[in-house]
Amino acid sequence: MRMMKFPKRYLIVILTFISTSVCYIERVGFSIAYTVAADDAKVSQSTKGMILSTFYCGYACSQVPGGWVAQKIGGRKVLLISFVLWSSTCALVPLDPSKVVVLVIARLLVGVAQGFIFPSIHTVLAQWVPPHERSRSVSLTMSGMYLGAAAGMLVLPSLVKYRGPQSVFLVEAALGAMWCLLWFKYASDPPRSEHPKATAAGFGESLLPLKGNQKMKVENGGLSARTPSIPWKKILLSLPVWAIVVNNFTFHYALYVLMNWLPTYFEQGLQLSLQEMGSSKMMPYCNMVIFSNIGGVVADHLITKRILSVTKIRKLLNTVGFLVAALALMAIPIFRTAGGAIFCSSVALGFLALGRAGFAVNHMDIAPRYAGILMGVSNTAGTFAGIIGVDLTGRLLEAARSANADLSSPETWRTVFYIPGFLCIFSSLVFVLFSTGERIFD
């Protein structure tokens, strides 16, 4: 690694990018492997739904605690522990659909463990990355989610076909273990920042949790302050925080609805075969990887060149991303071909990813010390959005079926895609009115 010419913080960003990719390979992989095993064992749809949703229950419950623990003991340690926990679970638990209780406990444990990951990543990036590099760093890290989802959906079905469902668990555990070794060897806390601007800008060692013997020491003839308590009341009453929460909710509502129901729309709404569509169905996720990084690069360029203020940049990218996504979402039922539906869904997901250069980086703008906690709060809302959106869409389609409506009719699907479309418009308005790029939490 001494031959590497780029700074250590770049290596940290690359490792966090790999971590999000591996996490989403695990999520996609379990859905693929379990669905095949459950279908072979003639498991009921309700049982399948319970097993698949258990992960999100655990995931939602550990977001805020994950941010709190990362802020207290450091995101680097929490991230490693989380990976060890879920990787070990994948390696040790057999994929036996008849053992429902075992699978529920295992998925709950994996969900809790992965719930600590994203708040920890935000804590680590807030410590390592200076403000003018945060947009592209967060965008690159988060684009790993979409790359992992695309790679998993493209490769893992073949692995299940030739090696069986259990092989997916072993591959996921191996990927997790390899990442743990890389993180253990190369990750570290940022070095002591000699430059006084580091503290003022809100990054570096000044954001690390203090050790016991550091909590009260003499500095320049005076006493340093103790580790500041977490301003929970100020966080929960802050309008900029709620602007982030609302936009995170909307982003994940749209993302999870498309991830879970777009295949059904292709097969039942458009009467198309997913097998015949080939790799084209991966285009929306590949588009997210591209546009996520475009948003990050553009935001950091505008910040570095001081073309616009941080506040205006965040609002601009968030508004453009969400409004274009809203139009594309509401246009999906209009197009009655595979090409049209893929184009609209690709534009929608791509511009939603572009919008992450607005709201998703904003945690670090307003509260670099508590970035992990704010990420935990907003990601909890995002997780519940996924649960609500996926369930509500199913209920809407079931109600249409009960009313003898044809699922191949565009009218049946209009409400499904209009809801996230209108949420995008509402959320962009909230972000314009209440967000800020200025630091409001010391």
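How many cavities of 30 Å³ or more does the structure hold? There are three. This is a predicted model, in which local features need pLDDT of at least 70 and side-chain atom pairs count only at pLDDT 80 or more, while totals for chains, interfaces and linings use all residues. Residues are numbered from 1 along each chain as its sequence is written, and side-chain values use heavy atoms, with hydrogens and water left out.

**View 1. The largest cavity, about 70 Å³ in volume.** A quick word on terms: on a 1 Å grid over the protein atoms alone, a cavity is a set of points where a 1.4 Å probe fits but cannot get out, and lining residues have an atom within 4 Å of a point. Volume is the space filled by probe spheres set on the points, which are joined across faces, edges and corners. Around this one you'll find Tyr 24, Arg 27, Tyr 59, Phe 118, Met 145, His 252, Tyr 256, Arg 356, Met 375, Asn 379, Gly 382 and Thr 383. Helix H1 (8–40), helix H11 (239–269) and helix H17 (371–402) are the elements that give two or more residues to this lining; helices here are DSSP runs (H or I, at least four residues), numbered from the N terminus. H17 has the largest share, with four residues. Sorted by class, the lining has six nonpolar, four polar and two charged residues (Ala, Val, Leu, Ile, Met, Phe, Trp, Tyr, Cys and Pro count as nonpolar, Asp, Glu, Lys and Arg as charged, and the others, Gly among them, as polar).

**View 2. The second largest cavity, with about 50 Å³ of space.** Its lining is made up of Phe 30, Thr 89, Cys 90, Val 93, Leu 103, Ala 106, Arg 107, Val 110 and Phe 169.

**View 3. Helix H13 (residues 283–304) packing on helix H14 (residues 310–331).** The two pack at an angle of about 155°, with axes 10 Å apart. That makes H13 roughly antiparallel to H14 (angles over 145 degrees count as such). Axes are lines fitted to C-alpha atoms over the stretch in contact, and angles run from 0 to 180 degrees between N-to-C directions. On the H13 side, Gly 295, Val 298, Ala 299, Leu 302 and Ile 303 meet Val 310, Ile 313, Arg 314 and Leu 317 in H14, where contact means heavy atoms within 4.5 Å. By class, that contact has seven nonpolar, one polar and one charged residues.

Note on methods. Angles under 35 degrees count as roughly parallel, over 145 as roughly antiparallel, 65 to 115 as roughly perpendicular and the rest as oblique. On a 1 Å grid over the protein atoms alone, a cavity is a set of points where a 1.4 Å probe fits but cannot get out, and a pocket is an open set with protein on both sides within 12 Å along at least five of seven lines; lining residues have an atom within 4 Å of a point.
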